[in-house]
Amino acid sequence: MKDFKIAEPQTLEQVISLPAEEKDKFCLMAGGTDLLGEIKDEIISPEFIVDLKTIPGLSYIQKDKDGVKIGALTTVAELAENPLIKTDYPALHQAALALATPQLRNMGTVGGNLCQRPRCWYYRDPNMKCRKKGGSQCFASNGRNKYHAILGARICYIVHPSDLAPALISLDAEVTISSPKKEKTISLADFFTLPQVNVRKENILEPNEVLRELRIPQAKNGEKSTYLKFKERGTWDFAVVSAAVKGTVSGRAFKDIRITLGGVAPIPWRLKIAEDLIKGKKVTENLLRQAAGEALKEARPLKDNGYKKELIEVVLSRAVLSLM
Ligand SMILES: Cc1cc2nc3c(=O)[nH]c(=O)nc-3n(C[C@H](O)[C@H](O)[C@H](O)COP(=O)(O)OP(=O)(O)OC[C@H]3O[C@@H](n4cnc5c(N)ncnc54)[C@H](O)[C@@H]3O)c2cc1C
């Protein structure tokens with residue numbers, strides 16, 4: 001591992017005034033649970049890291065008239081323990097609790113969770129120069145691809161590893177980004193980008209932009225939500241397939257429903273086709289199987305990961321039925 005220096009800014013302005021063209025020289029750090037692993041494994045070798053924790057006022061969970069605001073430096077543990085998140089946004093509470101270990105939840109932040117880099121073993125191997133690291137091929141496409149993407153991937157088969165992201169997208173969260181241009185607020189769903197847009201990145205952030213805050217709209221009367229994560233090991237593990245479902249139930253049907261999958265595509269994957277098929281109809285196992293089947297017609301499994309189609313159907317059905 002190469003030596004690096006640590007910068008301790010006191011304001012966001014100091015961070016956003018860093019020169020974006022010198023992106024290989026610096027990295028932003030929040031809890032460091034992902035970033036320091038990348039540095040130790042020499043996937044990246046910055047000259048200095050910019051510790052966002054030294055900037056005051058970026059860690060909070062505040063209710064206001066429109067919903068709840070969450071500062072990017074809020075830890076995952078604080079999110080999991082917050083009573084408002086637990087009662088009004090169960091999917092987010094469950095996603096936070098399903099994430100990693102207590103130690104990692106104490107250190108890891110919400111912003112860092114959304115901006116973490118992929119877990120693809122070829123990307124994480126310092127000896128493999130894959131497309132994401134500036135090489136010319138995706139080794140997963142014809143290699144070992146049991147945990148890789150079956151949806152949305154064409155040139156790079158990473159899956160988005162975040163547990164919080166599918167829950168937040170199903171809850172219609174927005175994200176505020178501090179930028180040298182102008183601070184902007186966009187839907188979290190538009191924050192993530194496919195490899196086809198820029199294979200080196202997973203989101204729209206420039207190196208000197210900071211994810212500052214998340215906002216989730218007020219939960220509607222009768223709104224329910226859940227997050228269901230299938231992982232291979234009983235101890236900590238990333239999602240093989242996960243589903244975040246939010247909806248308003250009326251009788252045996254959903255008046256509205258949002259479904260976002262994790263672990264299956266390079267970005268959290270909204271299942272719009274399934275949502276449209278389920279909305280307004282009496283929910284039965286047959287309907288859910290049909291909805292998953294239609295939505296998965298665009299899936300393109302690789303050699304080792306065809307099982308994910310069946311798993312999506314099961315995880316999706318269980319998550320939806322748990323809200324009835
Ligand atoms: C053993 C292990 C198990 C894990 N298990 C899970 C799991 O089950 N589910 C899961 O979702 N994750 C998991 N993680 C991934 C990750 O460590 C955590 O999700 C954590 O929340 C990341 O937050 P952090 O603050 O430590 O991020 P950091 O490591 O500080 O940063 C991660 C990345 O985000 C960027 N970044 C951080 N904050 C900001 C910001 N505010 N604005 C712009 N860029 C920013 C950094 O530059 C860096 O590239 C695991 C990690 C480990 C090591």
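Alanine 100 is partly exposed, with a relative accessible area of 25%. This residue belongs to the loop that connects α5 (90-97) and α6 (102-107). Its phi is positive, about 50°, although alanine 100 is not a glycine. The model described here is a predicted one.

**Partly exposed residues**

Glutamate 42 also has a positive phi, of about 60°, although it is not a glycine. Its place is the loop between α2 (35-40) and β3 (48-51). Glutamate 42 has a relative accessible area of 41%; this value lies between the limits of 20% for buried and 50% for exposed, so the residue is classed as partly exposed. Threonine 185, by contrast, is part of a strand, β7 (residues 184-187).

| Residue | Element | Relative accessible area |
|---|---|---|
| Glutamate 42 | loop between α2 (35-40) and β3 (48-51) | 41% |
| Alanine 100 | loop between α5 (90-97) and α6 (102-107) | 25% |
| Threonine 185 | strand β7 (residues 184-187) | 43% |

Leaving aside residues up to four places away in sequence, threonine 185 touches Glu174, Val175 and Thr176. From threonine 185 to glutamate 174 the separation is eleven residues in sequence, and their C-alpha atoms are 6.6 Å apart in space.

Strand β10 spans residues 241-250 and is mostly covered, with eight of its ten residues buried. β10 pairs with β9 (residues 223-230) through eight bridges, and these two strands run antiparallel. In this pairing, leucine 228 is found opposite alanine 243 of β10.

β10 also pairs with β11 (residues 253-262), through nine bridges and again in antiparallel fashion. Here glycine 247 is placed opposite isoleucine 257 of β11. The two strands β10 and β11 make up a hairpin, with two residues between them. In the turn of this hairpin, glycine 251 has a positive phi of about 65°.

Helix α11 covers residues 285-295, and its buried residues are Leu287, Leu288, Ala291, Ala292 and Ala295. Around the helix axis they take up an arc of only 130°, which means that they lie on the same side of α11. The other side of α11 carries Glu285 and Asn286, which are exposed. What do the buried residues of α11 pack against? Their partners are two helices, α10 (272-278) and α12 (307-322).

Two packed helices can be described by the angle between their axes and by the distance between those axes. For α11 and α12 the angle is about 135°, and the axes are 10 Å apart. The two helices are therefore oblique to each other; an angle over 145 degrees would be needed for them to count as roughly antiparallel. The crossing of α11 and α12 is right-handed. On the α11 side, the contact is made by Glu285, Leu288, Arg289 and Ala292. On the α12 side, the residues in contact are Glu313, Leu316, Ser317, Val320 and Leu321.

Two of the α11 contact residues, Leu288 and Ala292, are among the buried residues of that helix. Glu285 is exposed, and this residue also takes part in the contact with α12.

Note on methods. Residues are numbered from 1 along each chain as its sequence is written. This is a predicted model: local features need pLDDT of at least 70, side-chain atom pairs count only at pLDDT 80 or more; totals for chains, interfaces and linings use all residues. Side-chain values use heavy atoms; hydrogens and water are left out. Buried means under 20% relative accessible area, exposed over 50%, partly exposed in between (1.4 Å probe, protein chains only). Helices (H or I, at least four residues) and strands (E, at least two) are DSSP runs, numbered from the N terminus. The arc is that of the directions from the helix axis to the C-beta atoms. Contact means heavy atoms within 4.5 Å. Two strands pair if DSSP finds at least two bridges between them. Axes are lines fitted to C-alpha atoms, for helices over the stretch in contact, and angles run from 0 to 180 degrees between N-to-C directions. Angles under 35 degrees count as roughly parallel, over 145 as roughly antiparallel, 65 to 115 as roughly perpendicular and the rest as oblique. A crossing is left-handed if the near helix is turned anticlockwise from the far one by less than a right angle, and right-handed if clockwise.
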